[in-house]
Amino acid sequence: MEVAVVGGGPVGMWVAKQIAEAGFETTVLEEDRKIGRPVRCAGLVSPRVVSKTDTDSTIMKASKAIIHPPQGDPLVLEAPEEKAYVIDRGRFDREMAEKASNAGAHIELDAKVLDTVFSSRRKLRYQQDGKEKQILSDLVIGADGPHSIMRKMTSMPGPKELLVGVQAIVAEDVKDISIFLGNDVSPDFFGYELPHTSGSLVGVGSSDGHAYEHLKRLIKRRGFENDILGYSAGTIPLGRMKESVRDGLMLVGDASCQVKPLSGGGLYPGLHSADICAEVAISALEDNDTSKERLQEYHDRWQSDIGSEISKGMWMRRIFKNMSDEDLSKILGSLKDEKVKRVVEIVGDIDYPSTLAKPVLKASPKLIKFAGPMIKNIF
Ligand SMILES: Cc1cc2nc3c(=O)[nH]c(=O)nc-3n(C[C@H](O)[C@H](O)[C@H](O)COP(=O)(O)OP(=O)(O)OC[C@H]3O[C@@H](n4cnc5c(N)ncnc54)[C@H](O)[C@@H]3O)c2cc1C
């Protein structure tokens with residue numbers, strides 16, 4: 001049985017590694033000429049990502065985060081243990097590719113997949129070295145990112161929202177992870193600053209088509225105008241996908257919008273779903289049945305965990321988008337209360353932010369007025 005993985009990002013490589021380890025002929029088709037370039041990621045992940053992948057790409061471990069409200073003093077959160085890691089994303093991607101290759105997967109670079117058709121097996125047409133080629137496989141894993149051609153070719157619904165993330169590498173060193181909130185930073189997302197391999201990264205996300213202008217304003221506010229070493233930008237797909245399988249096809253990672261709506265982080269939900277994807281794929285291949293009905297188990301399993309957290313995240317995002325700068329500043333002001341702050345520091349989990357809603361509202365019931373009736377969708 002043969003498997004083709006479209007997209008050599010971390011999620012595609014993580015699935016490829018596991019399927020190749022199970023003994024199936026696995027080929028990864030990646031359109032870029034180099035793995036891990038360009039980097040379109042800040043590299044902020046939970047300890048779960050680092051322990052799952054056993055990566056050596058860690059730049060820093062953090063238990064502290066500084067949140068800058070639209071008005072007033074920053075809120076400094078210090079958790080009792082490390083809650084976030086900053087990784088070198090380029091190195092991380094290369095490590096994932098090495099793991100897939102060591103497990104026996106063939107990696108084809110400069111191989112852009114053009115389309116797919118299904119009739120008893122899945123055919124992929126791709127372009128490499130200026131030539132058109134094709135590959136037949138029993139199962140295709142579509143791990144081809146936010147603009148997934150596999151998703152479009154098989155008419156699966158796409159993201160509900162697309163955000164643009166733009167970031168700059170600046171020569172100035174920063175010690176901490178900082179988050180910047182408010183309309184002046186981004187009308188519907190946030191800005192960030194964190195340590196990087198060389199200097200630091202400053203970034204902004206937004207869906208209003210002006211992410212670059214927002215970033216330039218943040219860079220000016222931080223006084224980094226003359227320290228810029230380079231820019232990068234990418235798309236962040238948001239929303240819960242209702243479908244992720246077809247006959248001989250499974251979508252995973254950004255291709256399946258497995259992204260946290262509040263932070264735009266896709267590495268944990270993508271890699272976690274990749275484990276489920278690989279497990280179901282291997283058992284379906286062993287049974288010689290890669291029909292949509294057989295693969296549906298993957299969809300149902302990731303939906304009940306990651307999918308449910310995405311739905312809650314979308315509701316929290318709606319509440320966040322409806323908030324004025326004044327409300328946002330008041331909420332962050334309330335979190336300075338030692339009792340409430342402690343709850344955030346102890347319970348806060350960057351992969352499952354919805355778990356914080358109940359304990360915070362219990363510690364500070366007056367905050368419920370800011371959430372309004374939508375709050376019931378988060379519990
Ligand atoms: C600015 C920015 C900052 C971010 N910061 C974070 C962060 O701090 N933490 C976090 O967890 N997440 C972050 N994310 C999200 C994270 O980068 C993604 O969720 C993650 O890359 C998803 O991995 P993936 O393998 O599914 O997709 P990708 O990394 O997008 O990989 C898809 C691969 O498919 C290839 N491909 C696409 N089409 C084809 C084709 N037709 N043929 C062949 N190959 C193809 C692409 O070249 C690419 O290599 C950020 C995103 C952006 C844009």
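Colleague: How many residues of domain 1 are in contact with how many of domain 2?
Modeller: This is a predicted model, where local features need pLDDT of at least 70, side-chain atom pairs count only at pLDDT 80 or more, and totals for chains, interfaces and linings use all residues. Residues are numbered from 1 along each chain as its sequence is written. Two residues are in contact if their C-beta atoms, placed from the backbone, lie within 7 Å. By that rule, 17 residues of domain 1 meet 19 residues of domain 2.

Colleague: Which element gives the most to the side of domain 1 that touches domain 2?
Modeller: Helices (H or I, at least four residues) and strands (E, at least two) are DSSP runs, numbered from the N terminus. Two elements give two or more residues to this side, α3 (89-102) and α6 (267-286). With six residues, the one that gives the most is α3.

Colleague: Which are the edge strands of the seven-stranded open sheet?
Modeller: Two strands pair if DSSP finds at least two bridges between them. The seven strands run in the order β6-β5-β14-β15-β16-β13-β17, with mixed pairing. Strands that pair on one side only are the edges, here β6 (75-78) and β17 (228-238).

Colleague: Which residue in β16 is the bridge partner of G191?
Modeller: β15 (residues 191-195) and β16 (residues 200-206) pair in the antiparallel sense, over five bridges. Within β16, the partner of G191 is V204.

Colleague: Which residue in β19 is the bridge partner of G142?
Modeller: Here we turn to another open sheet, with six strands in the order β8-β2-β1-β12-β19-β18 and mixed pairing. β12 (residues 139-142) and β19 (residues 249-251) pair in the parallel sense over three bridges. The partner of G142 in β19 is L251.

Colleague: At what angle does helix α1 run to β2?
Modeller: Axes are lines fitted to C-alpha atoms, for helices over the stretch in contact, and angles run from 0 to 180 degrees between N-to-C directions. α1 (residues 10-21) lies across β1 (2-6), β2 (25-29) and β12. The angle of α1 to β2 is about 165°.

Colleague: Are α6 and α7 roughly parallel or roughly antiparallel to each other?
Modeller: Angles under 35 degrees count as roughly parallel, over 145 as roughly antiparallel, 65 to 115 as roughly perpendicular and the rest as oblique. α6 and α7 (residues 292-321) pack at about 155°, with their axes 9 Å apart. The pair is therefore roughly antiparallel.

Colleague: Is the crossing of α1 and α3 left-handed or right-handed?
Modeller: A crossing is left-handed if the near helix is turned anticlockwise from the far one by less than a right angle, and right-handed if clockwise. The axes of α1 and α3 come within 8 Å and cross at roughly 20°, so these helices are roughly parallel. Their crossing is left-handed.

Colleague: How do the residues of the contact of α1 with α6 divide by class?
Modeller: The α1 and α6 axes come within 9 Å and cross at roughly 30°. That makes the two helices roughly parallel. P10, V11, W14, V15, Q18 and I19 in α1 meet a set in α6 that includes L267, G270 and L271. The contact divides into twelve nonpolar, two polar and no charged.

Colleague: Which residues does a cis peptide bond join?
Modeller: Most residues other than glycine have a negative phi, and most peptide bonds are trans. In the loop between β2 and β3 (44-45) sits P38. With omega about -5°, the cis bond joins R37 and P38.

Definitions and conventions
Nonpolar A, V, L, I, M, F, W, Y, C, P; charged D, E, K, R; others polar.
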